[in-house]
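Have the sequence and the model ready as you read.

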Amino acid sequence: MASEALFANAAWVLVSACLVLLMTPALALFYGGMSGRKVVLNMMMMSFGALGVVTVIYLLWGWSMSYGTQSWGGLVANPSEFFGLSGIDSATEGSNGYPMLVDVAFQLTFAIISTAIISGALAGRVKFSTWLVFCAVWPTLVYFPLAHMVWGGGLLSEGENSVSAWIFGTTAEGEAAVAPIDFAGGTVVHISAGAAAFVLALVVGKRQGFPRRVTRPHNLPMVMLGAALLWFGWCGFNAGSALAPDGMAALAWVNTAAAAAAGMLAWLATEWVRYGHATSLGGASGVVAGLVAITPAAGALNPMTSLILGAVGGVLACLAVSLKFRFGYDDSLDVVGVHLVAGLWGTVGIGILLLDWKLTVIQIIIALVAVVFSGALTAVIALALKATMGWRVDREEEYNGVDYALHAESAYDVAGAK
């Protein structure tokens, strides 16, 4: 019976890994549709480029840095311990009882989508080669350490040497008395990616003509299809994080659906009040905002509090996307508004909705650490790449559209597409 349960758990996590893997092509559709017709291929290629680069480095050193047993001060694990997945084969048992490679597959997909999310802040103006290098450096210096700190037993986990244990003490079992909650990646995925997107938008600079001349989304049906596939894949993202096809997975699935629906309706209502109409772009963005908000909380709340979390996330994200015009940073496809703002709310909102002030304090701390850690290191990476490779394409290439300039292709064989 025990072996049958482990087989079911492994199958569930592998299926969930497939769902999360689908989210990166779905993101390519979502971002591609939001872009102009002369940059859509480049926008989609940035997601596919992240898929390729991050897969390679994750197998080489990413898993080892995130989940290795040789922790360096609770910040990151030794990258050489499992370099190239050395010592791990199909028979190697992981901490959950089934083969470790199942967890490797699942966690790999999280690293990919986290990196790809950032690309939305850079639409239509950066070199593809620089982006590919960033896709190798950013996960190495930011994502893998954060995954270790939060999920690998490091400083932001529930371990006895964690920040939470230092503040509120430990239990008799040696774990933090107040355990931080990041069920599926509020801090590791969305806050880190959103903070990185904000920094990159500042370092890379604005598109030509911003904010007076901003390219409108060229294909809104593509945006809605991308959002639908992201919602579908998010079932694996959140419910799969239960690591078993059990009641916790079912709760996470229902909470995810609740928050996504509430986020969409709240965004549309906010648009209606502010502008007098509800848009398809707003509906798609609201779905994503609700999904982002529930990601850290999917296993901790109930359906009613998930509706509240998603609705507030939808309103906050809708209001936040206009901040780029007020403060003058060009976050092209609203990564900051949707992922950073909704991710911060989802992470902190757990404690608020559970009416637990100690947990709220811990959630605020881990959220702030994630923002500062990702923002500071992203600034170093971005400035180093700016000084060496350079980020921007030349002005003529940007004006004419980077699809043809960088990839010698156009998405549409019609007049004016080149």
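What volume does the second largest cavity have? The second largest cavity has about 50 Å³. Before going on, note that this is a predicted model, where local features need pLDDT of at least 70, side-chain atom pairs count only at pLDDT 80 or more, and totals for chains, interfaces and linings use all residues. Residues are numbered from 1 along each chain as its sequence is written, and side-chain values use heavy atoms, leaving out hydrogens and water.

A cavity here is a set of points, on a 1 Å grid over the protein atoms alone, where a 1.4 Å probe fits but cannot get out; lining residues have an atom within 4 Å of a point. The volume is the space filled by probe spheres set on the points, which are joined across faces, edges and corners.

Around the second largest cavity you will find M23, L27, F30, Y31, I113, I117, H190, L230, W234, V288 and H339. Helix α1 gives the largest share of this lining, four residues, while α3 (100–118) and α7 (220–239) each supply at least two. Helices are DSSP runs (H or I, at least four residues), numbered from the N terminus. The lining has nine nonpolar residues, two polar and no charged; nonpolar means Ala, Val, Leu, Ile, Met, Phe, Trp, Tyr, Cys and Pro, charged means Asp, Glu, Lys and Arg, and the others, Gly among them, are polar.

Now turn to the largest cavity, with about 60 Å³ of space. Its lining includes F30, Y31, D334 and H339. Two or more lining residues come from each of α1 (2–34), α9 (280–294) and α12 (335–353).

Key
On a 1 Å grid over the protein atoms alone, a cavity is a set of points where a 1.4 Å probe fits but cannot get out, and a pocket is an open set with protein on both sides within 12 Å along at least five of seven lines; lining residues have an atom within 4 Å of a point.
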